[in-house]
Amino acid sequence: MHGMINRAFQGFLVDTYGRDTWDEVRSVAQLRFPDFEAMLRYEDKVTLDCFKAATDVLHKHPNALLEDLGTFLITHEPYAPLKRLLRFGGSTLSEFILSLDELADRGRMAMPDIEMPEIEVTQGAEASFRIKAEWALPGVGPILLGALRAMADDYGALATLSLDGFDGARECIRIDVFDMAHSEGNAFVLGEMPA
């Protein structure tokens with residue numbers, strides 16, 4: 001797994017629960033280094049051991065921890081470039097959701113060697129969507145769920161989102177959008193760089 005993904009998970013744990021919690025997770029996972037390096041690659045087992053240790057240390061259900069991670073990646077300032085990349089997907093939440101099919105390709109343009117989930121979006125009724133996602137490691141569904149909830153807030157849309165089981169190896173999410181302009185979303189201009 002790409003070190004940037006592991007580093008983001010470490011950052012989430014440190015920022016949310018503190019350095020002492022990260023040190024305990026590191027100890028339980030038997031990591032032999034103090035921090036993940038963003039530009040290195042790690043065996044998937046290291047990532048899985050680290051995540052399992054975090055659920056044990058925090059006494060938190062894996063899906064809840066992964067959903068919190070997804071929300072963190074969208075809402076915390078150090079990860080603003082990720083949210084910006086996502087906002088290029090459309091000017092409304094529905095346009096953004098429909099653009100998720102292209103997310104892996106857009107991510108690889110920015111970082112050619114990063115592992116991105118493969119996502120398929122189908123639209124049911126006018127504002128009803130089903131997302132199927134597959135990734136090298138399990139848990140992409142809850143991560144996307146947290147990220148998509150945060151993006152709905154960013155767009156100012158009123159929507160319900162839920163995990164919707166599995167389709168073979170793919171994790172599924174259901175989204176029903178009730179109001180695209182429920183509240184004032186965060187400003188976003190495609191041609192401007194953030195201050």
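**Helix packing and salt bridges in a predicted model**

In this predicted model, helix H1 (residues 3-17) packs against helix H4 (residues 62-75) at an angle of about 95°, and their axes are 10 Å apart.

Q: Why is H1 called roughly perpendicular to H4?
A: The angle between H1 and H4 is about 95°. Angles of 65 to 115 degrees count as roughly perpendicular, so H1 is roughly perpendicular to H4.

Q: Which residues make the contact of H1 and H4?
A: H1 contributes Ala 8, Phe 9, Gly 11, Phe 12, Asp 15, Thr 16 and Tyr 17, while H4 contributes Leu 65, Asp 68, Leu 69, Phe 72 and Leu 73. By kind, the residues of the contact of H1 with H4 divide into eight nonpolar, two polar and two charged.

Q: What makes the pair Asp 56 and Lys 52 a salt bridge?
A: The N to O distance between the two side chains is 2.9 Å. The cut-off is 4 Å, so the pair qualifies as a salt bridge. Both Asp 56 and Lys 52 lie in helix H3 (residues 44-58), four residues apart, about one turn of the helix.

Q: Why are Asp 56 and Lys 52 called partly exposed?
A: Asp 56 has a relative accessible area of 38%, and Lys 52 has one of 47%.

Q: Why is Asp 176 called buried, whereas Arg 174 is called partly exposed?
A: The relative accessible area of Asp 176 is 16%. Buried means under 20%, so Asp 176 is buried. Arg 174 has a relative accessible area of 39%, which falls between 20% and 50%, so Arg 174 is partly exposed. Asp 176 and Arg 174 form a salt bridge, with their closest N and O atoms 2.9 Å apart.

Q: How many salt bridges does this rule give, and which residues are linked in a network?
A: The count comes to twelve salt bridges. Arg 19, Asp 23, Arg 26 and Asp 35 are linked in a network of salt bridges.

How values were computed. Residues numbered from 1 in each chain as written. Predicted model: local features only at pLDDT ≥ 70, side-chain atom pairs only at ≥ 80, totals over all residues. Heavy atoms only, no water. Helix = DSSP H or I, 4+ residues; strand = E, 2+ residues; numbered from the N terminus. Buried < 20%, exposed > 50% of the residue type's maximum accessible area, 1.4 Å probe, protein only. Axes fitted to C-alpha atoms, helices over the stretch in contact; angles between N-to-C directions. Parallel < 35°, antiparallel > 145°, perpendicular 65-115°, else oblique. Contact = heavy atoms within 4.5 Å. Nonpolar A, V, L, I, M, F, W, Y, C, P; charged D, E, K, R; others polar.
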